[in-house]
Amino acid sequence: MSELNKIALKIISNGKGILAADESNGTMTKRLEAVNVASTSENRLLFRQTLFSSEGMKKYIGGVILYDETINQTTNFGKSIPDLISSSGAIPGIKVDTGAKILANSSEEKITEGLDGLRERLNKYYKLGARFTKWRGVYTISNKYPSKLAISSNAHALARYSALVQESKMVPIVEPEVLMDGDHSADICLRKTSEVIKKCFDELILHKVDLTGIILKPNMILSGSKSKGQISNEEISQKTLECLKNSVPNEVPGIAFLSGGQSEIEATKNLNLINQNNYTKFIMTYSYGRALQQSALGIWSKNIKDIDATQNTFNHRAKMCSLATQGKWSNKLENK
Ligand code: 5MM
């Protein structure tokens, strides 16, 4: 078993998943202002250190994805953020893309940037304690999109990123996110997502990436958020499994879904069914941002000094997600 494979498995095994706390300052500002909290670096740190010091972290979180600001911060009790995460038993990770920009010659689509100087930045993050990384490619669905150009340029970038990350002895999370915005059917989402994922693996293989040392972070197969033809949770799980079974090589150790704007409960329920029905050999877990933090952020915003209330809310959410990785979640446990 390679070192990278060991790291990947440590992050996603035993009912654990990933906390995606890598919101850039722009996104975090939107999240904080939505609950009437000023987006200062102190407040961003306070919310995050509250989550990272919780019981839920120790039991249910195998890895945390950080943003550059956070990985360089020290808590008000004197521990660096990477040390705080490691002391809870989780592995610190870092978002290394520099964001999605307009794609030349297909200006309604995006290409994720950040390859220039990446090798040097990776060395710096490794020294700070990071052992895995994240890069997100983003795709929209419409009549014309995603275009072949967007599919192939983002796959190329994800592969070059992954090769550099493995060279730096870290595990790349490969995140091709097909957005749920739009009125498309779930079958179109299935077709487009499969095309996107297959192209990513063609490029990963071309770039000689060790597939046993990556984690795939895909979207689930959903109808567009404005579609009139919403499908059941059972159908979501079946279509998601069909997509991954047919597009992901067997060497990949695991899949950690993004929540993509689903509610906390929907994201948990769908993951639970995916695991109950899982006929693949992949570990299926979570790498949720909003679906792990939304309620906790709401509670925290009422009193940012009430650590217990915030942590209790986070602990519950993380526990529900962990149960879902084992197919053991239920409405009854949710509402207990
Ligand atoms: C946590 O949010 C990440 C995006 O941050 P920026 O937009 O500020 O770069 C995002 O990549 C996230 O890691 C994934 O999309 C999963 O988050 P959700 O909320 O979709 O589970």
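**Exercise 1. Identify which space the ligand takes, and describe that space.**

*Solution.* The ligand takes the space of the largest pocket, where sitting in a pocket requires that more than half of a molecule's atoms lie within 2 Å of its grid points. The model is predicted: local features need pLDDT of at least 70, side-chain atom pairs count only at pLDDT 80 or more, and totals for chains, interfaces and linings use all residues. Residues are numbered from 1 along each chain as its sequence is written, and side-chain values use heavy atoms, with hydrogens and water left out.

Next, consider the volume: the largest pocket holds about 960 Å³. A pocket is an open set of points on a 1 Å grid over the protein atoms alone, with protein on both sides within 12 Å along at least five of seven lines, and its lining residues have an atom within 4 Å of a point. Of the 39 lining residues, Thr27, Lys95, Lys134, Arg136 and Glu177 are the closest to the centre of the largest pocket. Elements giving two or more residues to this lining include α2 (25-34), β5 (106-112) and α7 (118-128). By class, the lining has 11 nonpolar, 10 polar and 18 charged residues.

**Exercise 2. Determine which residues come nearest to the ligand and which polar side-chain atoms lie by its oxygen atoms.**

*Solution.* Of its 18 residues, Ser24, Thr27, Lys95, Lys134 and Ser259 come nearest.

Then take the polar contacts, which are pairs of N or O atoms within 3.5 Å. The side chain of Thr27 places an N or O atom 2.5 Å from an oxygen atom of the ligand. For Lys95, the distance from a polar side-chain atom to a ligand oxygen is 2.7 Å, and for Lys217 it is 3.2 Å. Taken alone, the ligand exposes 500 Å², of which the protein buries 89%; these areas come from the Shrake-Rupley method with a 1.4 Å probe.

Finally, β6 (132-139), β7 (171-178) and β10 (283-288) are the elements that give two or more residues to the shell. The shell has three nonpolar, six polar and nine charged residues.

**Exercise 3. State how many cavities of 30 Å³ or more the structure holds, and describe the largest cavity.**

*Solution.* There is one such cavity; a cavity is a set of grid points where a 1.4 Å probe fits but cannot get out. About 70 Å³ of space lies in the largest cavity. Its lining includes Glu177, Cys189, Asn219 and Ser259. By class, seven nonpolar, four polar and one charged residues form that lining.

Methods:
A residue is near a molecule or strand if one of its heavy atoms lies within 4 Å of it. A polar contact is a pair of N or O atoms within 3.5 Å; within protein, one must be able to donate a hydrogen and the other to accept it, and residues adjacent in sequence count only if both atoms are side-chain atoms. Helices (H or I, at least four residues) and strands (E, at least two) are DSSP runs, numbered from the N terminus. Ala, Val, Leu, Ile, Met, Phe, Trp, Tyr, Cys and Pro count as nonpolar, Asp, Glu, Lys and Arg as charged, and the others, Gly among them, as polar. Grid points are joined across faces, edges and corners, and a volume is the space filled by probe spheres set on the points.
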